[in-house]
Amino acid sequence: MRTLIDFLVKYSTSMLFMLYVLLSCILLFSGNLYRESVYMTSANAVSSSVYGMAHGVTGYFNLRSINEDLQLRNAALENEVLNLKDEVARLKTLVPLDSATDARIPAARFDFVMATVINNSVNRPRNFFTINRGSTDGIAPGMGVVDQNGVVGIVNVTGRKSARIISVLNVTQRFSVKVKGTNNVGSLSWKEGNPAIAYVEELPRHVKYHVGDTIVTSGYSTTFPEGIPVGYVMGQVNTADNNFYTLKIRLASDFSELSTVRVIKDEFKTEMDSLNNFDERTEPGK
Amino acid sequence: MPQSILRYAILLVVLILAQVLICNHIMLFGVAMPIVFIYFLLTLPMSTNPKLVLTLGFLSGFLVDLFADTPGVNALSCTVIAGLRRPVFHLYSGNDEMLAGVIPSISSLGFAIYAKYLVSLVFLYCLMSFSLEYFTFAYFGQMTGKVLASTLLSSLLLAGIDGLTGVKHRA
């Protein structure tokens with residue numbers, strides 16, 4: 001017993017060193033243990049309030065270019081409204097008026113929560129950013145996040161007044177996308193380094209595309225509605241696989257200047273998820 | 001003594017805030033990230049209880065991890081440099097009794113020894129933190145670039161910080 005105590009006292013510093021190394025390794029390698037825990041992320045109360053205070057100062061820095069983006073987006077939307085109005089007017093002449101007014105207007109499926117990015121990173125392999133809205137604002141893990149230009153990420157962990165978002169610039173996260181106007185789905189992935197460039201993989205050979213085409217969300221999940229811009233085709237990348245090809249794309253959003261984003265709430269999410277679960281339950285062998 | 005504890009506490013808070021609010025968002029030329037908060041560990045007196053140094057190392061790394069969403073990366077890197085700072089120090093200064101309890105800085109060690117001590121530990125830190133963060137050989141070139149460039153930038157910055165704070169405690 002005595003020798004044991006002597007041993008512990010003699011090597012206590014080494015023991016402590018080993019203990020801290022062990023603790024760090026647990027943090028590093030056991031992602032699942034605390035993946036659901038907000039305390040271990042930048043969305044915890046302390047770091048989000050520090051980031052919030054700092055954002056109070058730095059939040060004004062990029063307003064000029066963000067304003068330009070918003071003006072462009074506004075112009076595009078206004079154009080679209082005018083076109084749609086024309087089309088509605090033209091269709092009204094074709095369809096009898098009573099049947100047109102009788103049609104039930106479907107309830108809006110998607111709702112948006114505005115949020116401010118208080119911390120952002122673009123220069124790591126696994127980037128996240130933090131927003132100043134959380135579970136009390138109705139934000140839940142799995143919701144999609146967009147800014148004025150396009151898709152920026154998916155909600156990962158939520159605190160009461162903050163949430164951590166997995167950025168598109170995260171090598172572990174993939175998004176389901178397609179070339180606008182086609183129906184074949186590819187997988188968007190980011191490959192470390194340049195925050196403006198990403199790749200769309202696993203597109204079938206026969207999908208036609210042109211340089212400059214828009215890549216949009218596929219809408220095959222409850223995360224994003226269909227047709228939100230993701231990026232623009234720059235060209236094709238040579239791969240070993242002959243049946244699929246990979247496109248190099250320029251991302252629509254400027255990730256180094258994220259400021260105001262919208263979190264997408266899908267009102268149908270609970271219904272869709274329960275339907276999916278129903279399928280899984282009834283499927284034989286599962 | 002309480003005065004110096006206060007000085008170190010303020011230094012720790014300022015360095016960690018500078019790291020998470022400013023330096024973590026900088027990647028000069030796409031490769032060089034300034035690492036400033038480890039200056040705290042490097043500048044603790046050599047007579048400090050090694051267990052205290054280890055604990056401070058682990059905790060400061062853990063704090064930076066919380067802010068940067070890199071669980072364990074900085075905690076492990078800081079623990080390792082906290083554990084190795086004494087052996088590295090004696091490697092360059094020898095077993096000189098005059099330097100037994102010294103506060104490592106340019107003014108106390110002279111430029112040559114301090115530079116070797118600083119660059120070695122900063123390199124060790126950058127090597128560990130970037131390889132733990134990538135954790136794959138797929139981006140080996142990029143990773144090596146980041147390790148070397150960040151070591152260079154951080155060492156220059158830390159030598160600068162040391163020059164500035166060194167003047168203060170001489171006065």
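Which residues have the most contacts inside the largest nonpolar core? In this predicted model, select Phe37(B), Ile38(B), Phe40(B), Tyr117(B), Tyr125(B) and Leu158(B), which hold that position in a core of 50 residues.

Next, colour the helices that build this core. At least two residues each are supplied by α2 (12-29) and α3 (45-58) of chain A, and likewise by α1 (2-21), α2 (39-43), α3 (50-68), α4 (73-93), α6 (111-134) and α7 (140-170) of chain B. The largest share, nine residues, comes from α6(B).

Centre the view on Leu158(B). Beyond its neighbours within four places in sequence, Leu158(B) is in contact with Ile35(B), Val36(B), Ile38(B), Tyr39(B), Leu42(B), Leu118(B) and Val122(B). Another core, of 41 residues, lies apart from the largest one; select Ile131(A), Val146(A), Val230(A) and Val263(A), which are among its members.

Now turn to α1(B). Its end C-alpha atoms are 28 Å apart, in agreement with the 28 Å that its 20 residues should span at 1.5 Å a residue. Select its buried residues: Tyr8(B), Leu11(B), Leu12(B), Leu15(B), Ile16(B), Gln19(B) and Val20(B). Looking down the axis of α1(B), one finds these buried residues within an arc of 140°, so they line one face of the helix. An α-helix has 3.6 residues a turn, so residues three or four places apart point the same way.

Display α3 of chain A together with α2 and α3 of chain B, which are included in what covers the buried residues of α1(B).

Conventions:
Residues are numbered from 1 along each chain as its sequence is written. Chains are lettered from A and ligands numbered from 1 in the order in which they are written. This is a predicted model: local features need pLDDT of at least 70, side-chain atom pairs count only at pLDDT 80 or more; totals for chains, interfaces and linings use all residues. Side-chain values use heavy atoms; hydrogens and water are left out. A nonpolar core is a set of buried Ala, Val, Leu, Ile, Met, Phe, Trp, Tyr and Cys residues joined through side-chain atoms within 4.5 Å. Buried means under 20% relative accessible area, exposed over 50%, partly exposed in between (1.4 Å probe, protein chains only). Helices (H or I, at least four residues) and strands (E, at least two) are DSSP runs, numbered from the N terminus. Contact means heavy atoms within 4.5 Å. The expected span of a helix is 1.5 Å times one less than its number of residues. The arc is that of the directions from the helix axis to the C-beta atoms.
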